[in-house]
Amino acid sequence: MKVRLTALVLVVVVIAVVALTTGDDPVPLATLFGGGDAADRLVVGMLRLPRLLAGLFVGAALGAGGAVFQSVSRNPLGSPDIVGFDIGAATSALLVLLVWHGSAVALGAVAGGVGTALLVYLLAMRRGVRGHRLILVGIGIAAMLSSVNAFVLTRADVTDAQSAAVWLTGSLNGREWTDIRPILLALPVLLPLALWLGRDLRMLELGDDTARALGVGAERTRLAAIVVGVGMTAVATACAGPVTFVALAAPQVARRLTRVTGPNVLPAALTGAALLTGADLAARRLLLPVGVLTGVFGGIYLAFLLRRAA
Amino acid sequence: MRIGGLLVGVGVLVLVALASLAVGAKAIPPATVWHELLRYDGSADGVVIRSLRVPRTLLGLAVGAALGLAGALMQALTRNPLADPGILGVNAGAAAASVAAIGLLGVADPAGYLWFALAGAAIATVLVSALGRSSPARLVLAGAAVSAALGSFVAGLTLVSQNAFDAYRFWAVGTLAGRPLSVLAATGPVLLLGAVLAIALGRPLNVLALGEDTGHALGARPGRTRVLGIVAVTLLCGAATAAVGPIGFVGLAVPHIARLVAGPDQRWLLPYSAVLAAILLLGADILGRVLARPGELQVGIVTAFLGAPILIMLAHRRRLAVR
Amino acid sequence: MTRLHGVDLTIGYERRTVVHGVDIAVPDGEFTVIVGANGSGKSTLLRGLARLLRPTGGAVYLDGQQIRSLPSREVARRLGLLPQGPVAPDGITVVDLVGRGRYPHQRRLRPPSHADRIAVSDAMAATGVTDLADRHVDELSGGQRQRVWLAMALAQQTPIMLLDEPTTFLDIAHQVDILELCADLREHHGRTLVVVLHDLNHACRYATHLVALCNGLIVAEGPPHKIVTSELVADVFGLRCRVIADPESGAPLVIPSRRPLRQ
C-alpha cells in the first residue's frame with residue numbers, strides 16, 4: 001500500500017511540474033526553483049500556479065468527498081449527488097447567471113447545493129435516515145431540479161445559455177489567487193476530518209448492527225460523514241463548478257489501485273488530484289473546460305478497469 | 001378483478017387522449033373534436049386536431065406506454081426497485097448520437113437524427129451490458145462510466161458548436177411538441193416490437209424474480225430472459241428517447257404505482273405499467289399546455305415535478321418492494 | 001452475580017411488541033442459551049440486551065448502570081455481539097475482517113498493537129480459519145464465513161459475549177466445534193455467554209443455564225436437566241416428545257414423537 005501511495009504522489013508531482021513549465025509559453029525547469037527571468041516567473045506565479053493549486057485542491061476535495069459518500073451509502077455510485085448537491089448547485093448557478101444576471105455564481109452555487117442537500121436529508125428523515133429512502137428522495141429532487149435546469153436553459157438567449165453551460169461542466173479556466181483562497185483555507189480543515197471519520201466509516205461498512213456492537217454510533221457517524229462530504233464538495237464546486245465524475249471515479253480508481261477496503265480517503269484524494277490536474281493539462285491544450293475531459297478520461301479509465309477485472 | 005382494473009385504466013386513457021385533443025393554446029370543445037375525428041371538413045379546428053394534436057396524442061400514448069414497460073422491465077431484470085432504464089446508458093447514447101448528428105453532420109430535422117439517436121442508444125446499451133456483465137453492481141458502475149464519457153462528449157461538442165448547443169438544449173427537455181407524424185411512423189414499429197417482446201417476457205420474469213437458482217430449478221432460462229429483457233428495454237427506451245428526448249420519472253415511478261394495484265405478477269404489472277404511464281405522460285402534457293398558456297411547459301419538466309412528490313411519498317411507505 | 005440484566009423489558013419494532021415485560025438476569029460465567037419457537041422473541045431479546053434495540057419499557061443494566069447511559073465504545077469493550085446475517089464489505093479479506101473486531105480497543109491514531117495482532121491470531125486459531133487468512137470473505141462457503149465472523153467477535157475479547165444463532169450454515173462437525181469452543185471460553189477463560197440457538201438438543205447439551213421463551217415471555221429458566229421436560233417442549237414448541245438422558249453427556253435429549261402436535 002505504501003508503495004502505491006508513493007507512486008501516486010509521484011504522479012501528482014510529475015503532472016504538477018509539467019503543468020507549471022509547459023503551455024503557450026514554455027518555461028525552463030529552473031524557474032520553479034527561483035531561477036529564470038522575471039517574465040517566466042510571472043507566468044508561473046500568476047497564471048499557472050493558482051490554476052494548478054486549484055486543480056490539486058479541487059481534485060482532492062472531490063476525491064475525498066466521493067470516497068466518504070460511497071462508504072456511507074455502501075454504494076459505488078454514491079456521490080454527493082445522492083443528496084442532490086451537484087444538481088442544486090447547478091440550478092442556483094443557472095438562476096444567478098441567466099435569470100438574475102448576477103455575478104456571485106460561486107456563492108450562489110454553494111448555497112443552492114447545501115440547501116438542496118438539507119432539503120433531501122430533511123425529506124428523507126423519519127426516525128433516522130434509512131439508506132434507500134435517502135436515495136429515492138435524492139433522485140426525486142435531483143430530477144425535479146434537472147428539469148428546471150433544462151427549462152431555464154431553453155428560455156435564455158442562446159449565447160448566454162452556452163456560456164452558462166460552460167460553468168455547469170466544471171472549469172478551471174482563469175482561476176486566480178482570489179478564487180482559490182476559500183478552498184486553500186477550507187480543505188486543510190476538512191480533509192483531516194474526513195480521514196478521522198474514515199475509521200468509523202470502515203466499521204459502518206460492516207452493517208449497522210455490527211458497527212454498533214463494536215461501539216460506533218451509526219446515525220451520528222453517517223450524519224457527520226454527509227456533512228463533511230458535502231462541505232468538501234461545496235468548496236470544490238465554489239472553485240471550479242460541478243466538475244463531472246471526479247467524485248465518482250477517483251475513489252473507485254483508488255480502490256482498484258490500492259486493493260484495500262474501507263473508505264480510503266487519502267488515496268481517493270490523491271487520485272482525484274491526479275485525475276483533475278491531468279485532465280486540465282489536456283483541457284488547456286484543447287481549449288475546452290476541464291469537466292469535458294474528466295468525464296471522458298474518468299469514464300474510459302473506469303471502463304478499462306472494469307474490463308480488466310472481469 | 002385485475003382485468004376490471006385494466007379496463008378502467010384503458011377507459012381513463014381514452015378520456016385523457018380525448019382531452020389531449022381538446023386542450024391547447026386554443027381550446028376546442030369536445031363535440032367538435034368528436035366531429036372532426038369522424039369526418040374531416042377542412043376547418044381550422046380540424047387542421048389543428050388532425051395535423052397537430054392527433055400525432056401528438058398518439059406519440060404521447062406510444063412513448064408513455066413504452067417508458068412504463070421499460071421501467072417495469074428494468075426493475076424486474078435487476079430486482080432493484082430503484083432501477084431506471086437510464087442506468088443502461090440509453091439516454092446518454094441517444095443524446096451523444098443526436099448531438100453528433102446535429103453538430104458534426106448538420107442534420108437538423110428531428111425525424112432525421114432520430115435514427116442516430118436509436119443507434120446511439122443501442123450501442124451504449126450493448127457497451128454497458130458487455131462491461132457490466134458479471135454483476136448488477138458492475139452493471140451500474142459501467143452505466144455510470146459510459147454515461148459520463150458520453151455526457152462529456154456532448155458537453156464538449158455543444159460548447160464548441162452553437163448550433164449543436166441550441167438544438168441539444170431543446171432536445172434535452174423532452175417534449176411532445178414539434179414532432180410530426182413521421183417521427184411516430186419511424187419509431188412506431190420499433191416501439192411495437194419492444195412492447196410485444198416485453199409482454200411476452202411476463203411469465204419468465206415472474207420466475208426470474210425468485211432468484212437465479214430457483215429459476216434454473218424451475219426450468220426457466222434466466223440468462224436468456226435477461227438478454228431478451230435488455231433488448232426489449234433498449235428498443236422501447238431507445239426509440240422513446242430518440243423520438244421525444246429524455247423523459248424522467250415515468251419509468252421509475254409508474255411501476256411502483258402499478259404494483260399497488262396489479263400486484264407483483266409481471267403478466268399484469270407490465271400492461272398496467274404501460275397504461276398508467278401513458279395516462280401519466282399524456283396528463284403531464286395536457287397540464288403543460290394548460291399551465292403555460294398560450295405557450296406550453298414541456299412534458300419532460302412536468303413529469304419531473306409530478307414524479308418527485310410521488311417518489312418522496314413512496315420513500316416513506318413502510319414496505320418498499322426491496323430485494 | 002449478574003453483570004448484565006434486564007428489568008421489565010418491553011421491546012418491539014415499529015408497531016409490533018415482541019417481548020412483553022421480561023425480567024432476565026444473565027448469570028456471570030455461565031453459558032446461557034435462549035430457546036423458543038420462531039417468532040418467540042429470542043433474537044429481539046438478545047438485541048435488546050446488546051443495546052441495538054431500544055426497549056419501549058424497562059431497562060437493561062450493565063455493571064449496575066443503565067446500558068443506554070454508557071458510551072458505546074465502553075460497552076463494546078465489555079459486551080461483544082455476533083449478529084444474524086452480518087454484512088461483509090466487498091473484497092475484504094479474512095484477516096482484515098477479524099482485525100476489525102479490535103476497534104473498541106484501538107486508539108484512533110495508533111496503528112494496530114502487538115496485543116491486537118495476538119488477539120487476531122488467537123481468534124483465528126480458535127475458530128480454525130488461520131489458513132484462510134488472506135482469502136476474500138465473499139469467496140468463502142457459508143460455514144467458513146460464519147467461523148470468520150465468530151473469530152471477529154472473539155477478537156473483540158469481551159468478558160460477555162452475545163451470539164445470535166452462531167451455528168446456522170454449519171455442518172454438524174463444525175456446529176459441535178463452535179459449541180465446544182464456546183464451552184471452553186466459559187470454562188477456561190471465564191467468559192459469560194448468551195447464545196440464541198434453534199437446536200434444542202444442542203442447547204440442552206451445552207447450556208449451563210437455559211431460558212425458554214414463548215410469545216415474548218419467559219416460561220422457564222434454569223439448568224437444562226431441571227427444566228427440560230416433555231411438557232415444556234410441548235408448551236414452547238408445540239411438539240410431542242420424549243425426554244431421555246443423553247448417553248454421552250447425561251443432558252436431556254429431546255426425541256420427537258411420531259406424530260407431532262401442531263398448534
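Q: Strand β9 of chain C, residues 209-214: how many of its residues are buried?
A: Five of the six, so to speak mostly covered. Buried means 20 or more other C-beta atoms within 10 Å of a residue's own, with C-beta atoms placed from the backbone; exposed is 12 or fewer, and partly exposed lies in between. Strands are DSSP runs of E, at least two residues, and helices are runs of H or I, at least four, numbered from the N terminus.

Q: Is this experimental or predicted, and how is it numbered?
A: It is a predicted model: local features need pLDDT of at least 70, side-chain atom pairs count only at pLDDT 80 or more, and totals for chains, interfaces and linings use all residues. Residues are numbered from 1 along each chain as its sequence is written, while chains are lettered from A and ligands numbered from 1 in the order written.

Q: Back to β9(C). Which strand does it pair with in the parallel sense?
A: β3(C), residues 31-36, over five bridges. Pairing takes at least two DSSP bridges between the strands. Thr32(C) has His209(C) of β9(C) as its bridge partner.

Q: And which strand runs antiparallel to it?
A: β10(C), residues 217-222, joined to β9(C) by five bridges. Cys214(C) stands opposite Leu217(C) there. The two strands form a hairpin with two residues between them, and Asn215(C) in the turn has a positive phi of about 50°.

Q: What about A with C: how many residues are in contact?
A: 15 of chain A with 20 of chain C. α8(A) gives the most to chain A's side, four residues. That side divides into five nonpolar, five polar and five charged.

Q: How far apart are B and C?
A: Their closest C-alpha atoms lie 10 Å apart, and no contact joins them.

How values were computed: Contact = placed C-beta atoms within 7 Å. Nonpolar A, V, L, I, M, F, W, Y, C, P; charged D, E, K, R; others polar.
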